[in-house]
Each structure stands twice: as C-alpha cells, then as structure tokens.
Amino acid sequence: QVYRWQITMVLSIFHRITGCALGVGALVLAYWLSSAAYGAQSFAMAQKILGSPLGILCLIGWTFCFWFHLCAGLRHLAWDTGWGFEIPRLYATGWTVIVASVVLTAATWLIAL
C-alpha cells in the first residue's frame with residue numbers, strides 16, 4: 001500500500017460526497033415545493049413522506065451535508081489564501097470542520113423542533 005488513510009483524505013472525499021448529496025436534497029426540496037402548487041392532497045403526501053422516520057433521517061442527513069460542505073468550503077477558501085497548510089493546522093481545521101458540522105446540525109434541528 002502506498003497510501004494510508006488520513007483525515008485530510010477522508011474529508012476531501014466526504015466533501016465531494018456531500019456535494020452530490022446536496023444535489024439530491026435540492027431535488028427533494030423542489031419536489032416538496034412543487035407539491036404545494038399541485039394542491040392540498042399532493043402536499044399532504046409530500047409532508048407524509050418527509051415526516052416519516054426515514055424522511056426525517058434523510059432531512060437530518062442533508063442538514064449535516066449542508067453544514068459539512070459549507071464548513072469544508074470555508075476551509076478550502078482559507079487554503080486559497082495560503083493559510084493552514086502546516087500539518088498540525090491541517091488536522092486541527094479538519095477536526096474543527098467535523099465538530100462544527102455536528103454542532104450546527106444539532107442546533108439547526110433543536111431550533112427547528
């Protein structure tokens with residue numbers, strides 16, 4: 001093996017995955033909004049789907065993807081300025097992205113509920 005897993009590698013891969021997940025989430029959001037335009041029965045069905053345990057789990061996952069992608073994107077912007085390439089700082093900002101994503105997801109859902 002030439003490579004061993006490191007946090008920087010995992011975060012880079014996960015940044016791409018969360019970007020794809022956000023695309024799927026955007027389609028679900030479009031479905032939910034368009035269901036309101038199709039009438040009460042259509043909107044009630046969308047609410048039932050998204051309000052199911054699986055739907056809520058997906059919404060929480062998409063919320064995490066949003067916050068993770070945003071935080072990782074801010075980290076990349078910092079790199080664009082040349083800041084944060086030292087190994088200890090790479091690890092520190094990587095863990096900060098993970099912790100911030102979890103905290104922001106929890107805060108979003110606590111406020112929403």
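This section describes helix packing, selected residues and the cysteines in a predicted model.

Helix α1 spans residues 7-37 and helix α4 spans residues 87-112. The axes of these two helices come within 10 Å and cross at roughly 40 degrees. The two helices are therefore oblique to each other, and α1 passes α4 in a left-handed crossing. On the α1 side, the contact is made by Ile 7, Thr 8 and Leu 11. On the α4 side, the contributing residues are Leu 90, Tyr 91, Gly 94, Trp 95 and Ile 98. Sorted by class, this contact of α1 with α4 comprises six nonpolar and two polar residues, with no charged residues.

Helix α1 also packs against helix α2, which covers residues 40-51. Here the axes are 7 Å apart and the angle is about 145 degrees. The crossing of α1 past α2 is left-handed. From α1, the residues making the contact are Val 28, Tyr 31, Trp 32, Ser 35 and Ala 36. From α2, they are Ser 42, Phe 43, Met 45, Ala 46, Gln 47, Ile 49 and Leu 50. The contact of α1 with α2 contains nine nonpolar residues and three polar ones, and no charged residue takes part.

One of the α1 residues at the contact with α2 is Val 28. Val 28 has a relative accessibility of 19% and counts as buried, because the buried class takes in values under 20%. When neighbours within four places in sequence are left aside, Val 28 is in contact with Leu 50 and Trp 62. Leu 50 is also among the α2 residues that make the contact with α1. The C-alpha atoms of Val 28 and Ile 56 are separated by 12 Å, the two residues being 28 residues apart along the chain.

Thr 105 is found in helix α4. With a relative accessibility of 7%, Thr 105 counts as buried. Apart from its neighbours within four places in sequence, Thr 105 is in contact with Ile 60, Thr 63, Phe 64 and Trp 67.

Helix α3 covers residues 53-80, and Pro 53 has its place in this helix. In contrast to the buried Thr 105, Pro 53 counts as exposed, at 73% relative accessibility. From C-alpha to C-alpha, Pro 53 and Met 9 lie 32 Å apart in space, with a separation of 44 residues in sequence.

The cysteines were examined for disulfides, and the count comes to zero. The sulfur of Cys 20 has its closest cysteine sulfur in Cys 65, at 9.9 Å, which is too far for a bond, because a disulfide requires a pair of cysteine sulfur atoms within 2.5 Å. Cys 65 is accordingly in no disulfide, the nearest cysteine sulfur being that of Cys 20.

Methods. Residues numbered from 1 in each chain as written. Predicted model: local features only at pLDDT ≥ 70, side-chain atom pairs only at ≥ 80, totals over all residues. Heavy atoms only, no water. Axes fitted to C-alpha atoms, helices over the stretch in contact; angles between N-to-C directions. Helix = DSSP H or I, 4+ residues; strand = E, 2+ residues; numbered from the N terminus. Parallel < 35°, antiparallel > 145°, perpendicular 65-115°, else oblique. Left-handed = near helix turned anticlockwise from the far one by under 90°. Contact = heavy atoms within 4.5 Å. Nonpolar A, V, L, I, M, F, W, Y, C, P; charged D, E, K, R; others polar. Buried < 20%, exposed > 50% of the residue type's maximum accessible area, 1.4 Å probe, protein only.
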